[in-house]
Amino acid sequence: MARSLSAMASPHLQTLLPYSPGKPIEEVEREFGVAGAAKLASNENPFGPSPLALKATQEAAATVHRYPDGAGTALKACLAERLGVEPAQIALGNGSNELLELAARIFLQPGDEAVMARPAFIIYRMACQALGAVAVEVPCRDFVHDLAGMAAAVSSRTKLLFVGNPNNPTGTAVPPATLEAFVRRLPPEPLLILDEAYWEFLPEGERPRSLDWVREGRRCFVLRTFSKVYGLAGLRVGYGVGPPELIGLLDRLRAPFNVNALAQVAAAAALEDRAHVTRTIAGTAEGRAALAAGLTALGFRPVPSVTNFLLVDVRRDGAAVAEALLRRGVIVRPMGAYGLPTHLRITVGTAAENARALEALRAVLAA
Ligand SMILES: *Cc1c(COP(=O)(O)O)cnc(C)c1O
């Protein structure tokens with residue numbers, strides 16, 4: 001008798017659960033009969049995409065019968081100039097998520113180890129698990145990466161280290177000098193994957209010199225994305241900056257047209273739209289302060305965040321609270337999958353969305 005497809009699948013997939021994203025707005029509106037749901041579950045930009053990026057996609061839409069530039073030449077040239085690196089040091093991805101997974105597939109074989117924080121972006125662990133590699137998780141201290149603990153966890157089997165800075169879901173960053181000391185003390189072999197999805201939200205004085213480490217030839221792969229501050233999550237485009245040898249390996253494994261044509265032109269335009277970025281950062285800082293103040297007034301203590309989201313312990317079943325919020329048209333992320341069953345992660349929305357979220361939470365707690 002034929003085995004089931006599941007039995008035929010890679011044994012490493014047997015224990016893997018699907019990633020659970022924030023519920024789509026339309027689904028919540030339909031399911032719970034609410035109008036204008038507020039999606040504060042995926043750390044998207046609530047202010048919308050850059051108008052320049054929108055215009056670029058509209059113009060490029062007429063030529064979508066052609067394949068995109070598989071090498072992403074124009075976008076890489078823009079990024080190289082902006083970042084002060086060579087195009088040969090840049091990889092483009094279908095979101096930086098794709099680059100995380102490709103890096104894992106390049107390096108990890110069954111039994112290899114990857115060091116990461118707990119809690120950290122769950123994709124790091126899932127990418128390892130899917131390959132039969134061991135995710136060595138080092139608990140955060142007060143929701144901040146324990147870099148000394150992570151350095152101590154590196155063994156001869158460690159191929160990758162994942163550091164999200166700022167970290168998701170905690171919203172915290174390590175001081176630049178601490179990260180720099182960690183990077184300089186790492187053993188020569190493992191590759192550091194420095195996930196900077198929220199880098200743009202860091203105040204200028206608090207940004208680590210991560211690209212310098214790549215320029216110096218260190219084994220460091222710096223990942224950034226157009227999904228967060230640039231507001232292009234739906235187009236799926238991110239990039240990584242690392243050693244040309246690594247970029248070459250990624251080119252072997254990636255799909256030939258992994259970043260679509262609209263995403264490429266939108267990203268290049270968004271990069272030039274400094275006004276949109278400035279507005280987003282200012283609006284986020286304002287909204288984050290309002291949301292934090294509201295949560296504090298409700299008796300909670302959100303983890304101090306440098307990002308566009310807040311992690312908060314609501315001291316009761318987070319999944320139940322999130323479900324009750326859904327009924328009121330507010331979509332947040334319960335943190336059970338991250339080992340934090342009483343926490344919620346709430347994305348900073350527009351002023352109206354933040355007020356609505358706080359009002360809904362107040363009502364849910366009173367019920
Ligand atoms: C959002 C996010 C990403 C990647 O997003 P993409 O949309 O795939 O570019 C990567 N890392 C972290 C920590 C994130 O929060």
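This is a predicted model: local features need pLDDT of at least 70, side-chain atom pairs count only at pLDDT 80 or more; totals for chains, interfaces and linings use all residues.
## A strand on the inside

Let's start with strand 7, which covers residues 220-225. Its 6 residues are all buried, which means that the rest of the structure largely encloses this strand. Buried here stands for under 20% relative accessible area.

For strand 7, both faces are covered. Cys-220, Val-222 and Arg-224 sit on one side, with Phe-221, Leu-223 and Thr-225 on the other, and every one of them is buried.

## Who sits next to it

Strand 7 pairs with strand 6 (residues 191-195) through 4 bridges, and these two run parallel. Across that pairing, Ile-193 is found opposite Phe-221. To get from strand 6 to strand 7, the chain passes through helix 9 (residues 210-215), making a right-handed β-α-β crossover.

Strand 8 (residues 238-241) is joined to strand 7 by 4 bridges as well, but here the strands run antiparallel. In this pairing, Arg-224 faces Tyr-239 of strand 8.

## The largest pocket

Now for some open space: the largest pocket holds about 560 Å³. Its lining is made up of 29 residues, and those closest to the centre are Tyr-19, Ser-42, Phe-121, Lys-228 and Arg-236.

What kinds of residues make up this lining? There are 10 nonpolar, 12 polar and 7 charged ones. Helix 5 (96-107) and helix 6 (122-129) each provide at least two lining residues, and helix 5 contributes the most, with 3.

Terms used: Residues are numbered from 1 along each chain as its sequence is written. Side-chain values use heavy atoms; hydrogens and water are left out. Buried means under 20% relative accessible area, exposed over 50%, partly exposed in between (1.4 Å probe, protein chains only). Two strands pair if DSSP finds at least two bridges between them. A crossover is right-handed if, with the strands pointing away from the viewer, the path from the first strand over the helix to the second runs clockwise. On a 1 Å grid over the protein atoms alone, a cavity is a set of points where a 1.4 Å probe fits but cannot get out, and a pocket is an open set with protein on both sides within 12 Å along at least five of seven lines; lining residues have an atom within 4 Å of a point. Grid points are joined across faces, edges and corners, and a volume is the space filled by probe spheres set on the points. Ala, Val, Leu, Ile, Met, Phe, Trp, Tyr, Cys and Pro count as nonpolar, Asp, Glu, Lys and Arg as charged, and the others, Gly among them, as polar.
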